[in-house]
Amino acid sequence: MVQCLGNPKTPQYNGGIIVNPDLQNGSQGWSQMGNAKVDFTEFGGNKFVIARWRNQSNDSVSQKVYLEKGLLYTFSAWLQVSQGNAPVRAVFKKNGEYKHAGSVIAESKCWSMLKGGLTVDESGPAELFFESEDTTAEIWVDSVSLQPFTQEEWNSHHNQSINITRKEAVRIRAINSGSEPVPNATISIVQNRLGFPFGCSVGSNILGNQAFQDWFTKRFTVTVFENEMKWYSTEAVRGKEDYSTADAMVRLFKQHGIAIRGHHIILDDPKYQPSWVTALNGPDLFNAVKRRVYSVVSRYKGQLASWDVVNENLHFSFFENKMGPNASYNVFEQAHAVDPTTTMFMNEFNTLEQEGDKVSSPARYIQKLRELQSIRVPRNIPLGIGLESHFFSTPNIPYMRSALDTLGATGLPIWLTEVDVSAPPNVQANYFEQVLREGHAHPKVKGMVTWSGYNPKGCFRMCLTDGNFKNLPTGDVVDKLLREWGGLRGQTTGLTDADGYFEASLFHGDYDLNIAHPLTNSTASHSFTLSSENSYPSPSIVFRV
């Protein structure tokens with residue numbers, strides 16, 4: 001829910017385990033937090049609570065709850081502030097520690113929905129409260145919900161979503177030359193290509209390495225270059241451009257029909273600029289950036305699936321600091337002018353991974369998207385949401401889902417662009433699998449790329465294979481999921497029924513179908529594609545055998 005509404009909606013799940021979630025019973029279940037003055041009030045028939053006279057960020061309203069280990073909690077609340085707008089966070093205090101469940105940029109005169117979630121390492125009592133560093137703002141709260149789910153319930157939701165979003169029902173009928181049904185005909189359906197874009201990052205070490213190429217091309221349909229398209233790689237010395245490595249990598253992946261994400265046009269982190277760029281200022285820097293944008297975008301125009309335009313623009317501001325607040329807007333506009341049909345992505349870290357990172361929260365991400373959408377160009381810039389997804393330790397899966405829900409409400413395509421997990425070896429693969437499953441099951445996620453291609457100098461945070469391209473546990477996770485999702489040439493077989501029908505639910509992708517007559521050994525074959533963009537094949541495909 002991105003809109004700010006005149007009245008809050010009713011609590012999700014009837015409030016779950018929250019007592020008096022819609023404040024219809026006044027103060028029941030709710031308490032003062034800190035030194036705030038708490039008023040339970042009504043306006044226009046709607047009852048809510050206001051925390052006033054706040055001196056500390058956590059002066060607000062609270063409710064005590066009991067949280068259980070092993071459950072996944074989704075959280076939501078409708079919030080408003082008394083003036084302007086201000087970030088407000090939902091926090092659970094437990095055993096003296098603070099767990100952030102989500103945040104929203106609340107506005108005055110309308111209600112904004114905060115969506116979030118959490119899990120806990122051990123069962124016990126906790127206290128929910130809301131906080132805002134803007135102590136001049138009153139916090140208005142209504143329609144609060146905290147709903148627990150078991151892992152089985154969570155997985156069931158995954159399956160329901162996948163069946164709707166990633167799969168299609170196929171009905172095949174075998175008939176003979178007299179149009180009579182052929183029972184017991186042998187059906188064999190082989191998936192040649194995964195429909196859902198799933199890939200892995202690579203470096204230049206894949207060039208000339210046949211074992212690496214074989215391992216990679218067997219599995220993935222999309223890739224991203226870790227460094228080879230970046231400015232510091234293509235123009236280490238001013239005016240001396242060298243795209244030879246990037247060009248060779250583009251040729252390799254085009255030969256194998258593997259899509260490429262363009263990463264990236266520029267990066268806003270001051271630590272990773274070409275050394276000569278850091279000394280530039282004013283018109284000199286503006287012209288250098290303009291040349292960079294035209295150089296890389298025109299070179300690969302029409303050859304890439306997307307561009308990461310101003311990478312990590314929420315956390316860093318190298319170009320804004322030197323060129324003014326519109327620096328990133330100019331780069332998006334220039335890149336779109338050169339390559340108008342390719343989707344231009346923001347690409348940011350911690351939006352999914354760290355619920356406590358105020359800089360890149362879903363609300364802040366959407367705020368930046370709205371600014372980019374306001375750029376006046378002849379045709380709207382096709383924008384995309386890139387979420388790096390570098391997870392540390394235990395992923396907060398309920399929060400991840402809530403963030404995807406919030407960002408998905410924009411209607412823009414979402415990609416998880418650099419997925420990896422930094423965690424102890426005994427749990428890393430499990431956490432990695434949790435993240436990939438959550439991304440794949442979400443209907444608004446249009447593709448995923450892991451940041452884990454093999455490099456002899458060491459991977460960023462995790463590798464999928466060893467130097468002999470034998471899977472590590474994380475690589476086994478990839479193969480396990482590919483088999484589930486129909487990759488690695490997954491096969492579906494069976495026999496037609498008494499009426500000559502065979503039915504299957506198949507993942508989106510490219511397929512070869514073979515039918516063999518049970519008596520004559522005559523066969524028929526057909527190739528088809530299932531995708532979210534069409535409904536082909538029709539509910540029933542008829543073959544004569």
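How many bridges join strand 11 (residues 167-175) to strand 26? The number is 4, and the two strands run parallel.

The model is predicted: local features need pLDDT of at least 70, side-chain atom pairs count only at pLDDT 80 or more, and totals for chains, interfaces and linings use all residues. Residues are numbered from 1 along each chain as its sequence is written, and side-chain values use heavy atoms, with hydrogens and water left out.

**View 1. An open sheet of 3 strands in the order 23-11-26, with mixed pairing.** Strands (E, at least two residues) are DSSP runs numbered from the N terminus, and two of them pair if DSSP finds at least two bridges between them. Strand 23 (501-507) and strand 26 (541-544) each have a single partner strand, so one side of each lacks a neighbour in the sheet. Ile-172 has Ile-541 of strand 26 as its bridge partner.

**View 2. The largest nonpolar core, of 113 residues.** Such a core is a set of buried Ala, Val, Leu, Ile, Met, Phe, Trp, Tyr and Cys residues joined through side-chain atoms within 4.5 Å; buried means under 20% relative accessible area (1.4 Å probe, protein chains only). Phe-198, Phe-216, Ile-265, Trp-307 and Phe-332 touch the most other members. Apart from this core lies another, of 34 residues, including Ile-18 and Ala-106.

**View 3. Helix 7 (residues 327-338).** Helices are DSSP runs of H or I with at least four residues. Among the buried residues are Tyr-329, Phe-332 and His-336.

How values were computed
Buried < 20%, exposed > 50% of the residue type's maximum accessible area, 1.4 Å probe, protein only. Expected span 1.5 Å × (residues − 1).
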